Amino acid sequence: MSNSPTFTNSDVEEILRVVDNLTDVEVKLETAEFKLHVRKGVTAAITVSEPAVSMPPPTSAVPAATVGNASAPAAKVSVAPSAASSNSEAGTVAIKAPMLGRFYRAPSPSEPAYVEVGKRVGPDDTVCMIEVMKLFKTVNAGVSGTIVSIAVNDGDMVEDDQPLFFVKPD
Amino acid sequence: MTAGMMLPIAEAMDEAGFAMIDFMAPVQFDVCVRYLKENPWEKARLFREKFRNTPLRGYCRSKSLVGFSMVPDDIVEFWIERLHANGFRVVGTLDALFDVENMLVSVNHAKRLGMYSVGALVFCESPVHTDEVYARTAKALIERGNVDAIMIKDSGALLTPDRIRTLVPALKAVMGGRPLELHSHCNTGLAPLVYLEAIKLGVDQLHTSIAPLASGPAQPSVQSTLQNLKLNRFDTKVDRTKIDDVSAYLTKLAEQEGFAKGAPMEYDSFHYQHQMPGGMFANWKFQLQQAGLESRFEEILQEIVQIRADLGWPIMVTPFSQIIGVQAMLNVVGGERYRTVPDEVKMYALGHFGKLLAPVEPNVLDRIIANGSPKIPLKPQPLPPALPSLRKAYPGADDDELILRYMFAGNEVNEMFAAGPLDLASPRFSPVARLVQEFSKRPQVRYVDVQKKNTRLVYSRGM
């Protein structure tokens, strides 16, 4: 069906590959047989309309699992400094991650967080969920007391045993 | 594939003489809403008009829609009702635990609406998945659900010519003349042979795909299946010339879009050990690499085998493949088996997904109960109806929107609606036309001047 003698489908792929790898530049490429001049800039128009379907994710990005909000365990995450320092806060105990995974403070994005700083918890109260490869683990406080700090941001990756909350026990 | 990509072959597909077209399972709804930003119901109605001769088929997995959680019975019935209202005439129901109670909710509702109901039995090779279990389940679905047909659904590509020789007669013996369908995948290269053997044994309907969207982890191709049937003196109503038209189009489309074309895969003994579905295997390896665990991949696969034995041989199919895989990783990485137990594992072990085919090892069950979340009830409870509160939450929404609201996050549905009606423009096959189309999808591309030999294209935005 294609009646174009010069541009081929593989040329199209090649040109798009070059264009997609550019950000905010002007490039001129010239060989004996081929000339390309591209201007690509971040303008007011950068919205979400990039074709999302068949584009492979950038390789260096977050370990995005293939399907939506599914997430993979991150590469070794070191314990956040803030958590380490608050660990030494006198008179508090840590609620730690029972497994590696992603830390979620609420049962779903549209619902309120299980706990906030200042909230009193009992041992069987749920404080967060940890998600690993689309499976969830409900985490209970395991202690009675008051939440004094939250050591991890919602949606962050945590290591097994990493402190998540600090509680001042009753 | 977008509606625009599908449209040019709709007529040929409809005239090819297929008994039915597997149109959309919940996973295709997922792709439509979240990735293609297409309203799946609008798409179904559009193609229902195009497919005048061939019934469309949908699916219901256990009492689930998308994701791993079970949904209440009123939502299962609502799903079947929306499939029916949007032009689906056939519904396949499966349950990886063979829990007939789970399956009867959608089977009975489909029958009430006058749909053709297929009881799908997921195939698995294990000490508990005997021919007797398959026959017993088929019999129960026929007697209690009056299903119109039975389907062997070999999602894991585990069937062999040897096993099909005992399985088909065992099923046929209890089916009272109802049609038997076979659906397999080509991950180990055996499916084309299994299909041929199955037809000799009296299987009535084969699930195939049109190459290049066949072979590999997909179904055997219609083309080679027709050829093999003909050489063995079996006749079909399929029109090969229509298939060739569709195939030529798909080949061109795959080349243009840079999509992989299905190629035969080699026989692989290891596949029968880990039994991981093709898609999950690659995904899983990638995830473990990201976690710095690639050196323990073999160990984790061995643990999968052990966990399946512990848990009464769940089939490696959604959601159990993921549940078992994650527990295996936690067991290996944590250095102690079942110290950390995700909620879904405890729910499985206690029967929240359905009645188990074989009991969980008692000492494993003890550890799962002790170390899993205490919030999970020891006895599964029926889920309260969800439709009334759903209607209250979205007073202006019609029923098609309501079920999407139930299945997907709010912003995902909003974004889908914001994307507007289906884009029915056919793909551009001229390279120049395609370049322009692709540039126009990239708002940051302001200006392009490209020249090869004596052809020059200048593209400029916002002049």
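Q: Across which strands of chain B does helix H20 (residues 431-440) lie?
A: Helix H20 of chain B lies across E8 and E9 of chain B, running at about 20° to E9(B), where axes are lines fitted to C-alpha atoms, for helices over the stretch in contact, and angles run from 0 to 180 degrees between N-to-C directions. Helices (H or I, at least four residues) and strands (E, at least two) are DSSP runs, numbered from the N terminus. This is a predicted model, in which local features need pLDDT of at least 70 and side-chain atom pairs count only at pLDDT 80 or more, while totals for chains, interfaces and linings use all residues. Residues are numbered from 1 along each chain as its sequence is written, and chains are lettered from A and ligands numbered from 1 in the order in which they are written.

Q: What makes E8(B) and E9(B) a pair?
A: Two strands pair if DSSP finds at least two bridges between them; strand E8 (residues 445-452) and E9(B) have six, in the antiparallel sense, so they meet that condition. Within this pairing, B:Asp449 stands opposite B:Val458 in E9(B).

Q: Why do strand E1 of chain A and strand E9 of chain B stand at the edges of their sheet?
A: The open sheet of four strands has the order E1(A)-E2(A)-E8(B)-E9(B), with antiparallel pairing. Strand E1 (25-30) of chain A and strand E9 (455-460) of chain B each have a single partner strand, so one side of each is left without a neighbour in the sheet.

Q: How do you know that B:Asp310 is buried?
A: A residue is buried if 20 or more other C-beta atoms lie within 10 Å of its own, exposed if 12 or fewer, and partly exposed in between, with C-beta atoms placed from the backbone. B:Asp310 has 23 such atoms within 10 Å, so it is buried. This residue lies in helix H13 (residues 297-310) of chain B. Leaving aside its neighbours within four places in sequence, B:Asp310 is in contact (C-beta atoms within 7 Å) with B:Val360, B:Glu361 and B:Val364.

Q: Why is strand E3 of chain B described as largely enclosed by the rest of the structure?
A: Seven of the seven residues of strand E3 (residues 88-94) of chain B are buried, so the strand is largely enclosed.

Q: What makes E3(B) a partner of both E2(B) and E4(B)?
A: Strand E2 (residues 56-61) of chain B pairs with E3(B) in the parallel sense over six bridges, and E3(B) pairs with strand E4 (residues 116-122) in the parallel sense over five bridges. B:Val90 of E3(B) stands opposite B:Arg57 and also opposite B:Tyr116 in E4(B).

How values were computed:
Contact = placed C-beta atoms within 7 Å.
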